[in-house]
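Open the model in your viewer and keep the selection panel at hand.

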Amino acid sequence: MNLNYSEEQTMLREQIQKFCESEYDFYKREDIVKSDKDFDENVWSLFAEQGWLSMPFSEESGGFGFGPVELSVLFEEFGKALVIEPYLSTVVLSGTLLDKSNYSAKLEVIEAICSGSMHVSLAYAEAAKSYEYNSPSCSISDMKLNGTKTLVLNGSNASKVIVSCLHNNELALAILDTNADGVSQNTFSTIDGQSCSEIIFENVSITEEAIFAVGEEANTLLNETLNLATLCVGAEAVGCMTSCYLKTVEYTKGRDQFDQPISNFQVLQHRMVDMFIESELAKSLLFKAMLEVDANSDEKFKHVSALKAHVGKSGKISAQDAVQLHGGMGVSDEMMIGHYLKKMISIDALFGNADHHLNLFSS
Amino acid sequence: MDLNFSKEDIQFRDEIRDWLTNGGYPEHVKYKQDNDEPLTRQDMVDFHKAVSAKGWMGYNWPVEYGGTGWSPTQLYIYNQEFGKAGCPPLLAFGVSMVGPVIYTFGNDEQKKRFLPDILEFNTWWCQGYSEPGSGSDLASLKTKAVRDGDHYIINGSKTWTTLAQSADWIFVLVRTESTGKKQEGISFILVDMKTPGIEVKPIITIDGEHEVNSVFFTDVKVPAENIVGEEGKGWTYAKFLLAHERFGIAAVGASMRELSRLKDVVKEINNPELDKKVAEVELSISALELTELRLLSALENGGNPGAESSILKIKGTEIQQRLTEIFVEAAGEYALMYPGAHGYGSNDKPSGPEFAAASLSKYLNMRKTSIYGGSNEIQKNIISKFVLGV
């Protein structure tokens, strides 16, 4: 047994930490949130230069062949700095799905993703299908796609979209250009400062090559991709939880009331200890989940669900406590701490909330 | 022992219900409240003026100052019915905070000058208490008022000032003496917001709303006659005021209304976990309601519940927060989208449940309730010290 990160993984973490410290402070992030695109072109180019956009792709596709452990390291650090760049959407949800698929033109798309020149989104969700991703209403018949997808992360910046839909009564995955005839979208803000879209497909022409997976193959691709993405946001939540307790400890040490730092009060100490314990437990569940996914074991879904259920509940409580212990400053939009709470809400909402994953874990 | 209200109290309740449903509660305000739309300053003024016209503004005032002279039970019923009807909470700053301080400690001149305008809602008051360095430890406040002939010159800053951007007047705790104990040397002074040297800067909260502000005082010249009571006795008045603020803080009526809205929402979802969470919060509301009634009963029988009322603040705010948490969970995936505090307006709306955006807004907004008015940790200290005696 060895539960230590390798030297390479530790270097990756340090590299990301250094970037977040020097290039991605809270004020920079706020500027990006307020911008039209909800991401920063320069930051994205830096991601490309650092090789982070190529990280999880197979070497055959021009990637580094890194796995779920490295992705978790990246997302944990992203969580600490509340990075909002659309990595999850373009690289994890879309890129890794294509990488594992038999899509004939995948190399070109992945190359464009790696270079930072293209965004791709995965349209997996539909209204009134809460967390049921394998039986969409969107469908292709007579080679025309019809239907509406919702909560498409980063949809407005994507030039291609992968759509889960029914084709000959089977689940299918199809890729198309977002500027194709018959595609329209409305974009909305997410609670954590990103954007997502509702995309409407009206008689959109689809070619045979564009339908790159059907039936069992499509189900497996979709389930494994969503599982990996769930692991990533779970790791992001672990990063948030770590920052929540660290920042709260720092704040209470510096905040004097009744002629002493409020960190002197035992009731606050215990609250912070609880936050610390919960973050350590979350980290442990992350280890379990990422190693099961890495081993491609039969239990990989179950343990990702354990992580997601835990962070959905205790991560939210930690962030709420962090806000509480910051007092009025906690609810001020100018302080970073309240934004961890918003991030935790968005993470819990994505890919199934705490109750949903607890049910999956127990079944 | 009898859990039922007396015949008179039931008549009183029916009179309030009648006013709320038959034209008293302004239609346009009701519409916006029922549809989670933001209220303008004018909406708030209209609502308060309507309450005032009915003679119910001085709900906690004695008759001699134009108040209703209601019993604690009547006051409870009033609060609960307004909450259940979904009315905006009555602004406490004038009628519930500064008003009682003025009629209890102010001079005749001040009573004549300020009380009628509070009852008629001609002046909108805000509260200058917290400072950047003085939150839970309010007595450490540093905003200074220095006597200069017939005036005081105020310098310093206040923070978390709710709706200062709408206010005409502010009551301010200032330090008039810096030697001795920190609780001594504090004075309570009334300041016209139009006085030169006052600057209001918005603080945007995590829900994206502009509700609270920083208020800066730079050489603000205030007539000495605006001091309430004695110079240096402000801390006594401040504590008196906070005790008044406690009433209605349980917000049982408002929580009952949110509960019934929540039940409508979860009924459509068919999720046993959610049903259980709703049942748990309903149980808590029931326990809180009876706790408030027991405290009322003690009050009516000449008792002094005192520090026990901190239970109402703690549990009341926990319940308010819990309700919003379950709403957000009920929104499922759609808790991801958030248009900001004022909803989607006339823009395209996403296809998710209607309640999702407002739920997030309330969830984020309600985080403040366990922080303000003496944080829940401070409330627990109060119970520990004055009830448990440890």
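Start in chain A by selecting helix H5 (residues 87–100) and helix H7 (residues 215–254), which pack at an angle of about 145° with their axes 10 Å apart. Axes here are lines fitted to C-alpha atoms over the stretch in contact, and angles run from 0 to 180 degrees between N-to-C directions. Helices (H or I, at least four residues) and strands (E, at least two) are DSSP runs, numbered from the N terminus. The model is predicted: local features need pLDDT of at least 70, side-chain atom pairs count only at pLDDT 80 or more, and totals for chains, interfaces and linings use all residues. Residues are numbered from 1 along each chain as its sequence is written, with chains lettered from A and ligands numbered from 1 in the order in which they are written.

Next, show the side chains between the two helices. On H5(A), pick Leu88(A), Val92(A), Leu93(A), Thr96(A), Leu97(A) and Lys100(A); they meet Leu221(A), Thr225(A), Leu228(A), Ala229(A), Cys232(A) and Val233(A) of H7(A). Contact means C-beta atoms, placed from the backbone, within 7 Å.

Of contacts in chain A between residues at least 6 apart in sequence, 72% join residues at least 24 apart.

Move to chain B and colour domain 1 (7–90), domain 2 (125–237) and domain 3 (246–387), bounds that come from an automatic or database domain assignment. Between domains 1 and 3 of chain B, the C-alpha centres are 20 Å apart, and 14 residues of domain 1 contact 15 of domain 3.
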